[in-house]
Amino acid sequence: LMIERAFGELGLRKLWCEVLASNEAGWKLHLRHGFVQEALLRAHVVKGGAPQDVVGLGLLAEEWARIKPQEPS
């Protein structure tokens, strides 16, 4: 519903998110909803005193229009 609102009501063209590379469940969830990996930001943040890689993911409005789940009739 949030993706639909972003591209519908808000008229956004693109959604972007960043997820810690170590959070495999998090970035795989985004992939299952149509996001595409666009970046790997090496040592991008520090967590627990150690540099961490970050995965950047994006979804375009036109991609969502093609793949979004259809509402039951």
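This is a predicted model: local features need pLDDT of at least 70, side-chain atom pairs count only at pLDDT 80 or more; totals for chains, interfaces and linings use all residues.

Biologist: Which residues make up the lining of the largest pocket?

Modeller: The lining consists of Leu 1, Met 2, Ile 3, Glu 4, His 33, Trp 64, Lys 68, Pro 69, Gln 70 and Glu 71. A residue is counted there if it has an atom within 4 Å of a pocket point. By class, the lining has five nonpolar, two polar and three charged residues. The space in this pocket is about 270 Å³.

Biologist: What makes Glu 4 and Lys 68 a salt bridge?

Modeller: The closest N and O atoms of Glu 4 and Lys 68 are 3.4 Å apart. The cut-off is 4 Å between a side-chain nitrogen of Lys or Arg and a carboxyl oxygen of Asp or Glu, so the pair qualifies. By this rule, the count is four salt bridges.

Biologist: Why does the pair of Glu 4 and Lys 68 tie together parts that are apart in sequence?

Modeller: Glu 4 belongs to helix H1, whereas Lys 68 is in the segment after helix H3 (61-67), so the parts tied together are 64 residues apart in sequence.

Biologist: Why is the sheet of three strands called open?

Modeller: The strand order is E1-E3-E2, with antiparallel pairing. Strand E1 (14-20) and strand E2 (36-47) each have a single partner strand and stand at the edges, so one side of each lacks a neighbour in the sheet. On average, neighbouring strands of this sheet are turned by 25° against each other, direction ignored.

Biologist: How do you know that E2 and strand E3 (residues 50-60) pair?

Modeller: At least two bridges are required, and E2 and E3 have eight, in the antiparallel sense. Therefore the two strands count as paired. Lys 47 has Ala 50 in E3 as its bridge partner, Ala 39 has Gly 56, and Val 36 stands opposite Gly 58. E2 and E3 form a hairpin with two residues between them, and Gly 48 in the turn has a positive phi of about 60°.

Biologist: What makes the phi of Ala 43 worth a remark?

Modeller: Most residues other than glycine have a negative phi. Ala 43, in strand E2, has a positive value near 50° although the residue is not glycine.

Biologist: Which strands does helix H2 (residues 24-32) touch where it packs on the sheet?

Modeller: Helix H2 touches E1, E2 and E3, and its direction makes about 155° with that of E1. Touching here requires heavy atoms within 4.5 Å.

Conventions. Residues are numbered from 1 along each chain as its sequence is written. Side-chain values use heavy atoms; hydrogens and water are left out. Helices (H or I, at least four residues) and strands (E, at least two) are DSSP runs, numbered from the N terminus. Axes are lines fitted to C-alpha atoms, for helices over the stretch in contact, and angles run from 0 to 180 degrees between N-to-C directions. On a 1 Å grid over the protein atoms alone, a cavity is a set of points where a 1.4 Å probe fits but cannot get out, and a pocket is an open set with protein on both sides within 12 Å along at least five of seven lines; lining residues have an atom within 4 Å of a point. Grid points are joined across faces, edges and corners, and a volume is the space filled by probe spheres set on the points. Ala, Val, Leu, Ile, Met, Phe, Trp, Tyr, Cys and Pro count as nonpolar, Asp, Glu, Lys and Arg as charged, and the others, Gly among them, as polar.
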